[in-house]
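Trainee: I would like to go through some backbone features with you. How should I read them?

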Amino acid sequence: MGRSVKPRLTLTALLVLCLSATFFCCCLCETNQPQTNKKSAHLDTYGSSAVFPLQGNVYPLGYYSVSLSIGNPGKRFDLDIDTGSDLTWVQCDAPCTGCTKPREHLYKPKNNLVQCEDPLCAAFHSPASYPCNTPSDQCDYEVEYADQGSSLGVLVKDYFPLKFTNGSQLGPRLTFGCGYDQKHSGLSLPSTTGVLGLGTGKVSIVSQLSRLGLTKNVVGHCLSGQGGGYLFFGDDIVPFSGVMWTPRSSNLLENHYSSGPAELVFGGKPTGVKGLDLVFDSGSSYTYFNSKAYGALVKLLRTDLKGRPLKDATEDTSLPICWKGSKPFKSVRDAQSYFKPFSLSFTNVKNVQLQISPEAYLIVSKHGNVCLGILNGSEVGLGSMNIIGDITLLDKIVIYDNENRRIGWGPANCNRLPKS
């Protein structure tokens, strides 16, 4: 779903069990659907992957999406890719609040309710707060995002026809949400049909595929600065070299793809801003630093720009800080010579840095000004959290390796789909 400049990191993932008759209690019940016409129910061994082309860009769209087929026969849905949340959901063909698509583009449930007794329903609850009256109760969900958006609906299970790199074509039944009450953030309505949750939790699509023995629990993406790119499940296309790896954190952020601590290094020199815990979130268009790191970075940039032919473009509200040149910029490349690269140096591993070039923290607005794509997270309720968003991950292969609890990245050509 289209986003405002705020991140869509999941703040809560709360399921509310349906304990009374509703539309879904009437029209959904768990039944077995016919098997899809596929080669096999599962693979004998790990080692296969699935690769999908992406659409979208950081600016002006503000999201990257993937088109997936769901059901038998399959129907395609455009989903916003989000490593900051677990649950995949699509807009539901039901009495719906906040649905933005015509009915022919919505998901229609077909007697495929996930019941309260399902382990994936329980995965949303701590045991003490699991209000399951009877095992056959339907399992409703509610997810809230950091950008104040939310989705409320019911969990369903359906076929996801997938083509794997080893030639297999399979249709595993996966659990996802059918959302009938959406709240949107920002001024514009989302142009996608839902969200593809790629987080660390059990309900994440890649986690489900891993438990079925179809892929390893690895997901990654390559977001092109020119727009588009690719997404992958499994580790077939993970490079053998050229990737920097950092372990995932074991702290309050461990349910996200978090790492650190890291130090801010500007122009090759330490800034003294240390101890930054980072969350990698493809559901966030931009990168967010806490107030201390953000203030230090802005001060360094402004100091470095003194004497340069750039002036504050306060009339441009595309992002909080924009600069104008003597003539409109056509691309970041036109302005990059005025800006220094910086990096985040991970202090818990040797020689691991996330290099951030001007192309990875600047955009050119529709007004021809160059704007800072790193924002103050403290102003949008993120506190001390630091979010590494799409803009900083451009033109890199980024790997979220849940098998080994690590995150990796390296330079890549994101304009071409990889060959396994």
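Mentor: Start with a term we will need: a residue counts as buried under 20% relative accessible area, as exposed over 50%, and as partly exposed in between. Keep in mind that this is a predicted model.

Trainee: Where does D395 fall on that scale?

Mentor: D395 has a relative accessibility of 35%, so D395 counts as partly exposed. Its place in the chain is the loop between strand 26 (386–388) and strand 27 (396–401).

Trainee: Which loop holds N111, and what is its phi?

Mentor: N111 sits in the loop between strand 5 (89–91) and helix 2 (119–122). N111 is not a glycine, yet its phi is positive, at about 50°.

Trainee: Is N111 buried, partly exposed or exposed?

Mentor: Apply the cut-offs again: the relative accessible area of N111 is 36%, so N111 is partly exposed.

Trainee: Now the peptide bonds. Is the bond from Y59 to P60 cis or trans?

Mentor: Read omega for that. The bond from Y59 to P60 has omega near 15° and is cis. P60 belongs to the loop between strand 2 (50–57) and strand 3 (63–70).

Trainee: What is omega for the bond from G260 to P261, and where is P261 found?

Mentor: Omega is near 0° from G260 to P261, and this peptide bond is cis. P261 lies within strand 15, which covers residues 258–266, whereas P60 is in a loop.

How values were computed:
Residues numbered from 1 in each chain as written. Predicted model: local features only at pLDDT ≥ 70, side-chain atom pairs only at ≥ 80, totals over all residues. Heavy atoms only, no water. Helix = DSSP H or I, 4+ residues; strand = E, 2+ residues; numbered from the N terminus. Buried < 20%, exposed > 50% of the residue type's maximum accessible area, 1.4 Å probe, protein only.
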